[in-house]
Amino acid sequence: INAEYGGGHWYLIIIDNRKKVVKYFDSQVSSKRNYMEKCKEYLEFVVQYRKYLKEERGMGITEQAFNPNDYAIIDGKSCQQTNSFDCGMFALGNLYAYAVELDVKVVNQSKMVIFRSKVMYLNHHQSKLQEEDERRRRERIRNKR
């Protein structure tokens, strides 16, 4: 979960159901945020969303209990940014590092230029793929007429 705090700073909260942990990563710890409360809010959101999916949408949510009290809340110990604009890149980098089980220390300020370039490339490449998919979809519709 990427979260924005106060309209300008990005940090990361991950709810890992396999390990029953909630980890938060903030590349700017000088800020005074109450992560314990934020993490508990996100866990409560999951409880409410599961209830909604089951009761309102009729989805087959199992009766397996989801108890937020079973989850440990842990500081992910993000490396710190040295500028005022890389918090979003750190949030994405920490998410990637967690997903592929890398040490989050690889997400540091010295690598942000490279990481930012990779994100821009992937975003551009994805846009091109979506444009090509849309072109093919229109062509199939045209050929059916």
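What follows is a short chat about strands, a pocket, charged pairs and a few loop residues.

Q: Before we start, what kind of model is this?
A: This is a predicted model.

Q: Which residue in E3 does Ile-14 stand opposite?
A: Ile-14 faces Lys-23 in E3.

Q: How many residues lie between E2 and E3?
A: There are 4 residues between them, and the two strands form a hairpin. Lys-20 sits in the turn and has a positive phi of about 55 degrees.

Q: Where else does a positive value turn up?
A: Lys-77 is one of the cases, with phi near 55 degrees. Glu-101 is another residue other than glycine with a positive phi, near 60 degrees.

Q: Where is Lys-77?
A: Lys-77 belongs to the loop that runs between strand E4 (72–75) and helix H2 (87–99).

Q: Is that residue buried or exposed, and why?
A: Lys-77 counts as exposed because its relative accessibility is 52%, and the cut-off for exposed is over 50%.

Q: And where is Glu-101 found?
A: Glu-101 is in the loop between H2 and helix H3, which covers 112–144. Its relative accessibility is 61%, so Glu-101 counts as exposed.

Q: Staying with loops, where is Asp-26?
A: The loop between E3 and helix H1 (35–55) holds Asp-26.

Q: Buried or exposed, that Asp-26?
A: Asp-26 counts as buried, because its relative accessibility is 3% and buried means under 20%.

Q: What do the side chains of Asp-26 and Tyr-35 do?
A: The side chains of Asp-26 and Tyr-35 are joined by a polar contact of 2.3 Å.

Q: Which residues line the largest pocket?
A: The lining consists of Gly-93, Tyr-96, Leu-102, Val-106, Val-107, Lys-111, Met-112, Ile-114, Phe-115, Lys-118, Val-119 and Leu-122.

Q: Which helices supply at least two residues each?
A: H2 and H3 each supply at least two residues of that lining.

Q: Which element gives the most?
A: H3 gives the most to the lining of the largest pocket, with 6 residues.

Q: What is the lining like by class?
A: Of the residues lining the largest pocket, 9 are nonpolar, 1 is polar and 2 are charged.

Q: On to charges. Why do charged side chains pair?
A: Side chains of opposite charge can pair when their charged atoms come close.

Q: How many salt bridges does the structure hold?
A: The structure holds 9 salt bridges.

Q: What does Arg-136 form a salt bridge with?
A: Arg-136 forms a salt bridge with Glu-132, and their closest N and O atoms are 3.2 Å apart.

Q: Where do Arg-136 and Glu-132 lie?
A: Both are in helix H3, 4 residues apart, or about one turn of the helix.

Q: How exposed are Arg-136 and Glu-132?
A: With 45% relative accessibility, Arg-136 counts as partly exposed. Glu-132 is also partly exposed, with a relative accessible area of 25%.

Q: Which residues are linked with Glu-132 in a network?
A: Glu-132, Arg-135, Arg-136 and Glu-139 are linked in a network of salt bridges.

Q: And which side chain does Glu-134 meet?
A: Glu-134 meets the side chain of Arg-137 in a salt bridge, at 2.6 Å from N to O. Arg-137 and Glu-134 are separated by about one helical turn because they are 3 residues apart in helix H3. There is also a salt bridge between Arg-138 and Glu-134, with the closest N and O atoms 3.3 Å apart. Arg-138 and Glu-134 are 4 residues apart in helix H3, so about one helical turn separates them.

Q: What about accessibility for Glu-134, Arg-137 and Arg-138?
A: Glu-134 counts as partly exposed at 27% relative accessibility. Arg-137 counts as partly exposed at 35%, and Arg-138 counts as partly exposed at 45%.

Methods
Residues are numbered from 1 along each chain as its sequence is written. This is a predicted model: local features need pLDDT of at least 70, side-chain atom pairs count only at pLDDT 80 or more; totals for chains, interfaces and linings use all residues. Side-chain values use heavy atoms; hydrogens and water are left out. Buried means under 20% relative accessible area, exposed over 50%, partly exposed in between (1.4 Å probe, protein chains only). Two strands pair if DSSP finds at least two bridges between them. On a 1 Å grid over the protein atoms alone, a cavity is a set of points where a 1.4 Å probe fits but cannot get out, and a pocket is an open set with protein on both sides within 12 Å along at least five of seven lines; lining residues have an atom within 4 Å of a point. Ala, Val, Leu, Ile, Met, Phe, Trp, Tyr, Cys and Pro count as nonpolar, Asp, Glu, Lys and Arg as charged, and the others, Gly among them, as polar. A salt bridge is a side-chain nitrogen of Lys or Arg within 4 Å of a carboxyl oxygen of Asp or Glu. A polar contact is a pair of N or O atoms within 3.5 Å; within protein, one must be able to donate a hydrogen and the other to accept it, and residues adjacent in sequence count only if both atoms are side-chain atoms.
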